[in-house]
Amino acid sequence: MDGVSAVLRSFSEQLAAETFIDDGVETVTSVDQKKVETSIKEVISVYKQIHSLPEPTLLRDQHYQYLKKGLRHLSDAYECLDASRPWLCFWILHSLELLEEPVPSAIASDVCQFLARCQSPTGGFAGGPGQYAHLAPTYAAVNALCIIGTEEAYSVIDREKLLDFLWSLKQPDGSFVMHVGGEVDVRSVYCAASVASLTNILTPKLFEDSTSWILRCQNWEGGLSGVPGLEAHGGYTFCGTAALVILGNEHMLDLKALLRWVVSRQMRFEGGFQGRCNKLVDGCYSFWQAGVLPLLHRALFKEGESELSRHQWMFEQKALQEYILLCCQNPTGGLLDKPGKSRDFYHTCYCLSGLSIAQHFGNMDHHREIVLGKEENRLAPTHPVYNICPEKVAGALEHFLKLPVPDDSRHAAGFSSSKEPAAAAAAAEPQS
Ligand SMILES: [Zn+2]
């Protein structure tokens with residue numbers, strides 16, 4: 001037992017030394033941090049009592065049942081997400097593909113028809129039928145359709161109108177608003193670059209000045225904020241970095257400062273990630289933060305960095321897996337933020353996505369698996385730029401690259417119709 005327990009970080013005596021020290025100054029955040037640590041200690045202690053072998057298990061079947069039900073029926077608790085219905089499709093479909101659970105073709109077809117009803121007559125997708133088009137559900141709908149990956153799914157997307165929609169959101173400084181008359185933040189550039197590159201409507205003019213705008217979001221902390229001048233944040237950092245990867249300009253970030261910021265967000269006691277400095281651990285940042293590490297690894301590799309590992313990402317992959325498996329699973333299915341919180345499809349999707357990142361190092365040519373616990377805990381790999389499985393990215397590109405890039409000269413005076421093959425190919429590369 002002792003020999004085996006040494007593999008689990010949560011069981012080691014030294015972990016106690018990693019708890020928060022408030023230096024005798026109690027604050028609201030220090031009290032909250034200690035509460036979280038106490039709840040995690042309880043989880044570990046209960047786990048020790050009921051498991052003779054320290055082998056954390058992914059509750060595959062329970063998660064599958066929870067997801068399967070969600071695809072057909074949602075409880076009243078989801079009423080507040082009425083404007084995020086394509087998101088629910090994406091969160092559930094992506095979770096199922098990570099679990100390698102196929103979706104019956106009749107259900108996949110129903111999802112295609114539902115998403116078609118969410119597509120706006122002016123291009124882009126809305127949060128629900130009859131609502132206004134918005135970039136966030138547009139990203140979710142395109143990802144969901146690419147996961148389904150059938151001819152029916154691809155043909156839902158009106159690419160010409162989608163390009164018109166993206167142009168209607170473009171701002172003179174290179175940023176995008178989330179919807180007509182809406183707010184600007186770095187999520188929008190990522191959503192726009194993601195859907196444009198997947199569906200082959202990415203024109204150089206559409207993203208003119210976007211790189212310099214995103215670069216202005218990297219602040220003194222090293223991470224990226226939602227708009228220039230604010231606090232660095234995990235979600236925005238992922239969006240800005242992934243958008244730059246799609247545009248082929250990630251080398252223009254201060255990569256070392258970004259690396260320092262993102263690795264410092266992995267909590268020393270909990271093993272999971274926080275979203276911002278001095279905040280609490282949260283399961284969804286398992287993807288938003290850890291997902292930046294594959295992007296950084298590849299960027300630093302391209303810059304000729306000689307000290308890069310060929311075996312692991314630059315974060316504690318097993319510690320993150322331990323946090324997700326021990327602290328973020330609802331015993332009846334679904335995953336969550338932290339112990340004591342309730343499950344939801346958003347956290348299920350991003351906890352599983354982060355678990356996948358932590359289990360798989362490298363790309364198809366140089367791939368290494370680091371799976372904590374049983375072999376059955378292994379998830380399918382996810383593409384760190386789009387967060388759908390790499391073969392689904394490849395399938396979408398194969399389909400859409402055969403189609404011509406729509407003409408957007410009426411939007412962009414003097415633009416050249418040539419696509420940037422280097423940027424598109426780079427974005428298509430799975431992992432690393
Ligand atoms: Zn969260």
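A residue is taken as buried when its relative accessible area is under 20%, as exposed when that area is over 50%, and as partly exposed in between (1.4 Å probe, protein chains only). The structure is a predicted model, in which local features need pLDDT of at least 70 and side-chain atom pairs count only at pLDDT 80 or more, while totals for chains, interfaces and linings use all residues. Residues are numbered from 1 along each chain as its sequence is written, and side-chain values use heavy atoms, with hydrogens and water left out.

At 1% relative accessibility, C112 falls in the buried class. C351 is likewise buried, its relative accessible area being 0%. A disulfide is a covalent bond between the sulfur atoms of two cysteines. With a disulfide defined as a pair of cysteine sulfur atoms within 2.5 Å, a search of the whole structure returned 0 disulfides. For C112, the nearest cysteine sulfur belongs to C89 and lies 9.7 Å away. For C351, the nearest is the sulfur of C328, at 4.4 Å.

A zinc ion is coordinated by D282 through two entries for OD, by C284 through SG and by H347 through NE2, at 2.1 to 2.4 Å. Donors are N, O and S atoms within 2.8 Å of the metal (3.2 Å for Na, K and Ca); water is not among the atoms, so sites may look incomplete. Along the chain, the donors have the spacing D-x1-C-x62-H. The 4 donor atoms subtend angles of 58 to 130 degrees, and the arrangement is therefore irregular. Four donors count as tetrahedral if all angles lie between 85 and 135 degrees; four count as square planar and six as octahedral if opposite donors are over 155 degrees apart and all others between 65 and 115; anything else is irregular. D282 is buried at 13% relative accessible area, and C284 is buried at 3%.

Helices are DSSP runs of H or I with at least four residues, strands are runs of E with at least two, and both are numbered from the N terminus. Beyond four places in sequence, L135 has contacts (heavy atoms within 4.5 Å) with residues including F165, L166, F176 and C191.

S120 lies in the loop between α5 (105-118) and α6. S120 is buried, with a relative accessible area of 12%, and contacts F125 and A133 when neighbours within four places in sequence are left aside.
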